[in-house]
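Look at the sequence and the fold first, then read on.

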Amino acid sequence: MDTNRAVQLQAFEGPLDLLLSLISKSEIDIYDIPICEITNQYMQYLYTMNQLNMDVASEFIVMAAHLIEIKSKMMLPPEDEDETDELDPREELVRRLIEYKIFKHISEYIKSNEITYVKTISKDPEYFPQLKADNSALDISAQMLASAMRNLLIKHKIRVEDVPSAYTVDSESVSVNDKMIEISKLLELNKALNFFSLFENNLSKSQIVATFLAILELMKLNIVVLSQEDNYGDIVITKIQEENHGQ
Amino acid sequence: MDNKQLTSILESILFAVGDPVALNVMADALEISQNQTKALLDELKSEFDFEMRGFRLVQMENKYQLVTRSENFDYIKKILKDFNNTTLSQAGLETLAIVAYKQPVTRAEIEQIRGVQSSSSLDVLIDRGLVRSAGKLDVPGKPLSYETTGEFLKLMNLEKLALLPDFDEFSKGIQMALSEETAVI
């Protein structure tokens with residue numbers, strides 16, 4: 001192999017993507033793939049990847065084995081002379097390649113629509129701080145918590161834009177433990193706490209994170225439960241009663 | 001109330017809620033029929049477009065939402081500097097294409113078509129609200145299946161899923177391109 005040649009390795013989504021690229025580069029008829037030639041090219045690619053110490057995903061190896069299997073099947077004479085309509089061993093592979101090619105084409109179509117979509121903004125659902133009295137519990141998924149967290153961080157960031165460019169930075173240490181104690185104390189005083197109210201006082205980023213982690217930790221320790229009445233509504237934190245908890 | 005007042009209320013509702021609002025919810029609030037509500041919304045939508053207003057009214061199945069006009073994005077971005085508008089990766093787009101046309105589809109089926117692991121792509125799509133779980137399929141192993149959401153319709157700028165171009169259109173296009181390539185050889 002010419003060692004001077006700059007090795008250009010294109011990234012492929014997977015073995016099917018690589019095969020399609022090899023087929024189109026060699027101007028091969030997809031319905032009549034010269035399996036020997038394509039297998040060689042395919043193996044050459046994997047070999048180069050290996051030489052460059054790149055991780056070859058297991059899917060690529062599986063396909064290599066499959067190609068070799070097809071190759072060997074094609075070299076063998078048909079087992080039964082009478083069985084004339086025996087399937088071409090390449091047929092299944094060709095079907096998969098074409099199906100994949102169609103979906104690649106559809107993904108380009110989706111991408112063309114995405115250009116406008118990413119420039120379209122919709123408003124967050126309105127947040128009403130007034131807490132409704134009866135909170136029928138609704139399960140909260142990790143996803144909902146994560147998106148609540150993300151919203152807080154984004155809002156915080158926008159607010160930070162208003163801060164003057166030069167100011168003194170005080171080192172600040174916030175421990176999750178302190179926050180847990182703080183929330184527990186608040187829960188002694190109030191029957192229920194409002195998730196968003198915990199983040200109201202222009203907290204720093206590390207304080208927001210610590211508060212969030214503290215809530216998760218309290219949940220894990222079965223000290224509090226979270227409930228949410230409406231989708232995107234406020235999340236209510238309530239203490240689990242001692243008698244239920246202790247025994 | 002005349003139509004002008006009703007339209008004005010609809011506009012306020014859509015702004016206040018922010019999230020997509022269902023047609024029947026708005027009709028109930030206005031105490032008018034769903035047909036009349038739909039007619040008013042359609043009118044509001046063309047008014048927004050005709051006058052190049054900053055809002056666009058998008059419809060996703062039976063839900064409506066106010067969104068900004070994409071042409072104005074560059075100016076909004078000057079203020080919302082951290083606005084995250086990253087596009088999907090090729091893996092994400094391929095996975096989304098498969099979910100769109102094969103739904104309800106399992107992860108295994110997606111991976112069979114793509115020939116590679118797709119769980120992280122699926123996670124990204126779920127996180128972005130483009131794909132959601134469609135429950136367990138009634139086949140051995142009861143695998144989870146996935147489907148597209150209203151947000152996907154927003155991405156495709158379609159009012160309903162039925163308006164998605166036929167799979168055969170893409171399929172025929174590819175088959176024709178392939179046989180042309182062969183003919184050249």
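Two residues are in contact if their C-beta atoms, placed from the backbone, lie within 7 Å. The model is predicted.

## Helix α7 of chain B

Helix α7 of chain B spans residues 119–127. Which of its residues are buried? They are Ser121(B), Leu122(B) and Leu125(B). These residues cover an arc of only 100 degrees around the axis, so they sit on the same side of α7(B). Ser119(B) and Ser120(B) lie on the other side of the helix and are exposed.

What covers the buried residues of α7(B)? The cover includes two helices, α5 (90–102) and α6 (107–114) of chain B. It also includes two strands, β5 (131–136) and β6 (144–148) of chain B. After α7(B) comes Gly129(B), with a positive phi near 75 degrees.

## A three-stranded sheet in chain B

Chain B has an open sheet of 3 strands. The order is β1-β3-β2, and the pairing is antiparallel. β1 (21–22) and β2 (55–60) of chain B stand at the edges. Each has a single partner strand, so one side of each is left without a neighbour in the sheet.

Strand β3 of chain B covers residues 63–68 and pairs with β2(B) over 6 bridges, in the antiparallel sense. Within this pairing, Arg56(B) has Val67(B) in β3(B) as its bridge partner. Helix α3 of chain B, residues 34–50, packs on the sheet. α3(B) touches β2 and β3 of chain B, and its direction makes about 140 degrees with that of β2(B).

## Where chain A meets chain B

How many residues of chain A are in contact with chain B? The count is 38 residues of chain A, facing 37 residues of chain B. On the chain A side, the elements giving two or more residues are α1 (15–25), α4 (91–117) and α5 (142–160). The largest share, 16 residues, comes from α4(A).

By class, this side of chain A has 17 nonpolar residues, 14 charged and 7 polar.

## Val209 in chain A

Val209(A) lies in helix α7 of chain A, residues 205–220. Is this residue buried, partly exposed or exposed? With 17 other C-beta atoms within 10 Å, Val209(A) is partly exposed. A residue needs 20 or more to count as buried, and 12 or fewer to count as exposed.

Val209(A) and Val174(A) are 35 residues apart in sequence. In space, their C-alpha atoms are 9.3 Å apart.

Technical notes. Residues numbered from 1 in each chain as written. Chains lettered and ligands numbered in written order. Predicted model: local features only at pLDDT ≥ 70, side-chain atom pairs only at ≥ 80, totals over all residues. Helix = DSSP H or I, 4+ residues; strand = E, 2+ residues; numbered from the N terminus. Nonpolar A, V, L, I, M, F, W, Y, C, P; charged D, E, K, R; others polar. Pairing = 2+ DSSP bridges. Axes fitted to C-alpha atoms, helices over the stretch in contact; angles between N-to-C directions. Arc of directions from axis to C-beta.
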